[in-house]
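Have the model open while you read.

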Amino acid sequence: MKKALLLATAFATTLTACDLAEDPKKALERQYFAEHQELQEVIEAIRAQGIEAVKQGSEAGSVAACVAGKLDADPMGALVEVEGALQDSMDLSQFIETLSNLSEQELSLESLPDLIRQGGDVLTYVKHMLSQYDVAEIQQQASELVANGKTKTQDLGQHLRSLVEQCE
């Protein structure tokens, strides 16, 4: 009986510890924000209200207006709304390839295993992109980034940080 109780307690503790473990990207993002306080306020506002609302509600020439404008103009800018994205080392070119391969027919139960194999973050980002744009817009935006050569050496976090840091 004691063994069963100890085993159940250990199992429950392990599961609880897994839930309490913080995503390393989120921790790195908090460190980044410690050095970029003004950007933190803007990004938090964008995550709470959306890029368009911050863009429209900001004074012209302010850091908030600049950041919202840069993110709104960039095909991957909407991903800044996903917590931890500013520190994500995901290969941007591979993610864009995933986005550009999406089609109405591929977005089905048959395509989910491929997306799942790529990882939970990819699914989160694809879901977020689909909540902001339709598939044709995503494909067009992905093609624009590839055509402009913006994906050759950058990871997602580096790409997003380069956008927002232009406004500091």
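**Helix packing and the core**

1. Start with the way α3 passes α5: the crossing is right-handed. Bear in mind that this is a predicted model. The two helices, α3 and α5, pack at about 55°, with axes 10 Å apart. An angle like that makes α3 oblique to α5.

2. Who touches whom here? On the α3 side you'll find E38, L39, V42, I43 and I46, and they meet V63, A64, V67, A68 and L71 of α5. By class, the residues of this contact of α3 with α5 come out as nine nonpolar, no polar and one charged.

3. V67 is worth a click. Setting aside neighbours within four places in sequence, V67 is in contact with L39, V42, I43 and I46, plus V164 and C167.

4. V67 also turns up in the largest nonpolar core, which has 38 residues; V67, L71, M76, F95 and L160 are those with the most contacts inside it. Helices giving two or more residues to this core include α2, α3, α5, α6 and α10. The largest share, five residues, comes from α5.

5. The contact of α2 with α3 has five nonpolar, two polar and three charged residues.

Technical notes:
Residues are numbered from 1 along each chain as its sequence is written. This is a predicted model: local features need pLDDT of at least 70, side-chain atom pairs count only at pLDDT 80 or more; totals for chains, interfaces and linings use all residues. Side-chain values use heavy atoms; hydrogens and water are left out. A nonpolar core is a set of buried Ala, Val, Leu, Ile, Met, Phe, Trp, Tyr and Cys residues joined through side-chain atoms within 4.5 Å. Buried means under 20% relative accessible area, exposed over 50%, partly exposed in between (1.4 Å probe, protein chains only). Helices (H or I, at least four residues) and strands (E, at least two) are DSSP runs, numbered from the N terminus. Contact means heavy atoms within 4.5 Å. Axes are lines fitted to C-alpha atoms, for helices over the stretch in contact, and angles run from 0 to 180 degrees between N-to-C directions. Angles under 35 degrees count as roughly parallel, over 145 as roughly antiparallel, 65 to 115 as roughly perpendicular and the rest as oblique. A crossing is left-handed if the near helix is turned anticlockwise from the far one by less than a right angle, and right-handed if clockwise. Ala, Val, Leu, Ile, Met, Phe, Trp, Tyr, Cys and Pro count as nonpolar, Asp, Glu, Lys and Arg as charged, and the others, Gly among them, as polar.
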